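I opened the model today and kept notes as I went. The entries follow the order in which I looked things up.

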Amino acid sequence: MTATDERSEEPPSKQPKTEKSVTLTVKLTSGKTLGSVEEVALSETVGSIFKSLPIEAGREVASLLLNEQVIDSGKTLSDNGIADDAVLTVVLRGVPTLHLFEQCSATGLGGSSYSDSGRRSFWTKGGDFNDTPIVLPDVQHHGMQDAPVEAREVAEALKTAFPGLAKERICRSSESDDGGEVVVIANPGPDAKAAFFKALAILEKVEEEGKTFGPLLDEVQFTEKDWSAHLKCGFNVDLEYIEEDEEYNEGLIAMTKIMAERLTRGFMITFSENIVTAPMLFGGYASDGSMVGVLTSR
């Protein structure tokens, strides 16, 4: 047998297997087609295809369904039982978004440092994290013109009721002399604290020089308010400290009257004293479910 004969009897080399890919058609719950994602490998996770979907601003994917069953976004297509081209149904939910009359970024509102404070001061944990902001960089808040109609109308009425709001000290229980501004939080969902936190683009935790503090969401505090009880003093006055002979700001009282008449489920939301300088929101819910109120700092 020659060397040539020996080579001819060698088994053929194995060709690498080509991983199967599929096309996924994604529809909204209304039946309208949102889009298609082609050549998706079965080894890819369901969550990885979310980025390819043309989802409108202010919305996010809540879940994906296959044959009316929720599929796990952390698992691969194959592990979710997808072996061929398939039609998925996407369930969307609104993302809490902050709407301002003077549109700006998150750092434009809450600051990035003491030397570069935002419109509402420099929100910071303080202490060992004194130089660290608590807001996300590169987040742009929305303009009031894009807010839901009913909420925007209430916001405009509040703004008109007291043009001097920006220069009036709002938080009476701290050293802050910050004024305020009227805001709307659209798509708040059922959790007011989480909506406040996400709409203001607050960091999950802060880090400085190897130290970490968080989660910051655990520091958010919610207090129910009946604004009709504040008609003689204003929304920013603690009822326990009302002075009979004190003259309260008529502009704030006018705003409080609108809040009592046009908002439900009144609240005050802020952070615990563990956050040295923090945002504070006095408000309630408009008829469309949006949160409307006065944003300040304490």
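**Notebook: sheet, cores and a helix pair**

I note here that the model is predicted.

Strand β1 covers residues 21–28 and strand β5 covers residues 86–94, and they pair in the parallel sense over 5 bridges.

Next I asked in what order the strands of the open sheet stand. I read β2-β1-β5-β3-β4, which is 5 strands with mixed pairing. At the edges I found β2 (33–41) and β4 (69–70). Each has a single partner strand, so one side of each is left without a neighbour in the sheet.

Is Ser-36 buried, exposed or partly exposed? I got a relative accessibility of 45%, so Ser-36 counts as partly exposed; the exposed class begins over 50%. Leaving aside neighbours within four places in sequence, I found Ser-36 in contact with Leu-24 and Thr-25. I also checked Ser-36 against Leu-158: they are 122 residues apart along the chain, and their C-alpha atoms are separated by 45 Å.

I moved on to the helices. Leu-158 of α3 is among the residues that meet α5. For a helix pair, I looked up the angle between the axes and the distance between them, since two packed helices are described by these. The axes of α3 (residues 149–161) and α5 (residues 250–262) come within 8 Å and cross at roughly 160°. Angles over 145 degrees count as roughly antiparallel, so I wrote down α3 as roughly antiparallel to α5. The crossing of α3 past α5 is right-handed. On the α3 side I listed Glu-153, Val-154, Ala-157, Leu-158 and Ala-161; on the α5 side, Gly-251, Ala-254, Met-255, Ile-258, Met-259 and Arg-262.

Last, I looked at the nonpolar cores. Which residues touch the most other members of the largest core? I found Leu-216 and Met-291, in a core of 33 residues. Several elements each supply at least two residues of this core, among them α2 (106–110), β10 (181–186) and β16 (291–297). The largest share, 5 residues, comes from α4. I noted a second, separate core of 26 residues, which includes Ala-157, Phe-162, Phe-235 and Met-259.

I went back to Met-291 for its contacts beyond four places in sequence. These include Val-183, Ile-185, Ala-195, Phe-267 and Leu-281.

Key: Residues numbered from 1 in each chain as written. Predicted model: local features only at pLDDT ≥ 70, side-chain atom pairs only at ≥ 80, totals over all residues. Heavy atoms only, no water. Pairing = 2+ DSSP bridges. Helix = DSSP H or I, 4+ residues; strand = E, 2+ residues; numbered from the N terminus. Core = buried A, V, L, I, M, F, W, Y, C linked by side-chain atoms within 4.5 Å. Buried < 20%, exposed > 50% of the residue type's maximum accessible area, 1.4 Å probe, protein only. Contact = heavy atoms within 4.5 Å. Axes fitted to C-alpha atoms, helices over the stretch in contact; angles between N-to-C directions. Parallel < 35°, antiparallel > 145°, perpendicular 65-115°, else oblique. Left-handed = near helix turned anticlockwise from the far one by under 90°.
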